[in-house]
Amino acid sequence: MNGKTPNVGIVIVSHSPLIARGTADMVRQMAGDSVPLAWSGGNRHGELGTDAGGILKAIEEAWSEAGVAVFVDLGGAETNSEMAIEMLGPPRSQKVSICNAPVVEGAVIAAAEASGGAPLSRVVATAEELSPR
């Protein structure tokens, strides 16, 4: 990190492994390697669904002391992400935010913001500006 403050990490959570991986691939291509990035898609059997353990693993892979922004596609993904954050435990759990934003557009704009060194609160706020009011 060359003495530089770490960038906020991004996690993509989808019921579909293909959507999660594809979104993460798009984010990586657009934001480069300066943003910690991971994804979790599908249940433990690779079928549609989500898994709190897999989400926890993704949060740990994308971990940054600057925090982690999590993007979810449907309600179950949000519920399992909340469980994963709880499993992470304090104080790290306090540095993870679930974003109320479209998964693809939100993750891309958040990663662009994070790559510029923005704090977690600004990364989340920028992504959430994309949500319909």
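Two strands count as paired if DSSP finds at least two bridges between them. Strands here are DSSP runs of E, at least two residues long, and helices are runs of H or I of at least four, both numbered from the N terminus.

A word on the source. This is a predicted model, in which local features need pLDDT of at least 70 and side-chain atom pairs count only at pLDDT 80 or more, while totals for chains, interfaces and linings use all residues. Residues are numbered from 1 along each chain as its sequence is written, and side-chain values use heavy atoms, with hydrogens and water left out.

Now the sheet. Strand β1, residues 9-14, and strand β3, residues 68-72, pair in the parallel sense over 5 bridges. V13 stands opposite V72 in β3. In total, 4 strands make an open, parallel sheet, ordered β2-β1-β3-β4.

Next, S40, which lies in strand β2, residues 37-41. Is S40 buried or exposed? S40 is buried, at 8% relative accessible area; buried means under 20%, exposed over 50%, and partly exposed in between, with a 1.4 Å probe and protein chains only. Leaving aside neighbours within four places in sequence, S40 has contacts (heavy atoms within 4.5 Å) with residues including I12, V13, D51 and I55. The S40 side chain reaches the backbone nitrogen of I55 at 3.5 Å.

How values were computed. A polar contact is a pair of N or O atoms within 3.5 Å; within protein, one must be able to donate a hydrogen and the other to accept it, and residues adjacent in sequence count only if both atoms are side-chain atoms.
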